[in-house]
Amino acid sequence: MTTTAFSAGSLQTSGLQTIGVLGAGTMGHGIAQVFAQSGLTVQLVDNQQAQLDTAVKAVDRSLAKFVEKGKLASDQHTASLARLHTNTDIEVFAGCDLVVEAITENEAVKIDLFRKLDALCPAETLFASNTSAISLTRMAAATSRPDRFMGMHFMNPVPLMQLVELIRALQTSDATFNAIKTLSEQLGKTPIEVRDAPGFVSNRILMPMINEAIFTLYEGVAEAEAIDSVMTLGMNHPMGPLKLADMIGLDTCLFIMKVLYDGFKDPKYRPCPLLVQMVDAGYTGRKSGRGFYNYD
Ligand code: NAI
């Protein structure tokens, strides 16, 4: 992990100062943390107050770990938290230079919110979506600023992962892309440019592997632990695919598989029936306390 709080001043800056983050779940709180940690003012919004409360506690814990490991000065812990503001009302985004959306992976809900944000925010505000797989081109087209819209796809857990996949919608301008690329570098991340296509690069490759691991379990080829061990011990993956699916959230995995299936119209992307059943049962992984493993 590159800690950016000390180095931001020596880098080229994007000029984006106040960042809105919409959605305070698994990804949103991590995204809010990395912005606040690199000296930017953050407005974190969620329609569930409980999610905001949990998010602030998670950010506090994560910053404390960086201090413990000597990767962050303790005054930076306090200062980062002070830069993080929470709200249940999207009106606060009217004062933001960039809004990064990280709500549930559902295209209709995301488009509805982007229309609202478009009416609320000044014309120069940039919009980015952290979507895992949904078309940025379609979301951009729902706004009056398609040239100022693109994908900014962080990896989980955001404070630790180096990559940000930057996805150009068909309409994204070079000025928008360059500002978000510079901002990603300011965060200490490595941005990689990709074009808009279902699942982009990351989830087009990762999710079918996870889905295949679930099929392997479904067909009784091996137990969950055994499947994960084959991939960690045999392929040197840091985490087995079923444990990773639990960490991502099984609902999110299912949404992504559906986007791949609908987008390519290819049966090889059919979501495993066990994944569908787990989500129907509310076993969405770590965040619900139960997935392929149990979490107390
Ligand atoms: P999550 O389910 O943990 O959090 C979603 C949050 O959005 C919740 O706090 C919920 O209350 C909030 N929300 C839903 N509708 C809302 C609305 N209308 N207004 C305000 N807040 C609303 O989901 P997660 O995992 O954080 O995913 C968010 C986005 O990030 C999705 O697009 C997902 O595909 C993407 N993503 C997820 C990754 C993961 O590992 N979970 C990795 C990379 C991207």
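1. A polar contact is taken here as a pair of N or O atoms within 3.5 Å. In this predicted model, local features need pLDDT of at least 70 and side-chain atom pairs count only at pLDDT 80 or more, whereas totals for chains, interfaces and linings use all residues. Residues are numbered from 1 along each chain as its sequence is written, and side-chain values use heavy atoms, with hydrogens and water left out.

2. On that basis, a side-chain N or O atom of D46 lies 2.5 Å from an oxygen atom of the ligand, and a polar side-chain atom of K110 is 2.7 Å from a ligand oxygen atom. N47 contributes through its backbone, where an N or O atom is 3.3 Å from a nitrogen atom of the ligand. Of the 830 Å² of accessible area that the ligand has on its own, the protein covers 88% (Shrake-Rupley method, 1.4 Å probe).

3. The ligand has 25 residues around it, of which D46, Q51, E105, K110 and S132 come nearest (a residue is near if one of its heavy atoms lies within 4 Å). This shell divides into eight nonpolar, 13 polar and four charged residues, with Gly counted among the polar ones.

4. Both domain 1 (13-195) and domain 2 (203-287) give residues to the shell, so the ligand lies between them; the domain bounds come from an automatic or database assignment. Helix α4 (107-120) and strand β6 (149-154) each supply at least two residues of the shell, helices being DSSP runs of H or I with at least four residues and strands runs of E with at least two.

Terms used: A polar contact is a pair of N or O atoms within 3.5 Å; within protein, one must be able to donate a hydrogen and the other to accept it, and residues adjacent in sequence count only if both atoms are side-chain atoms.
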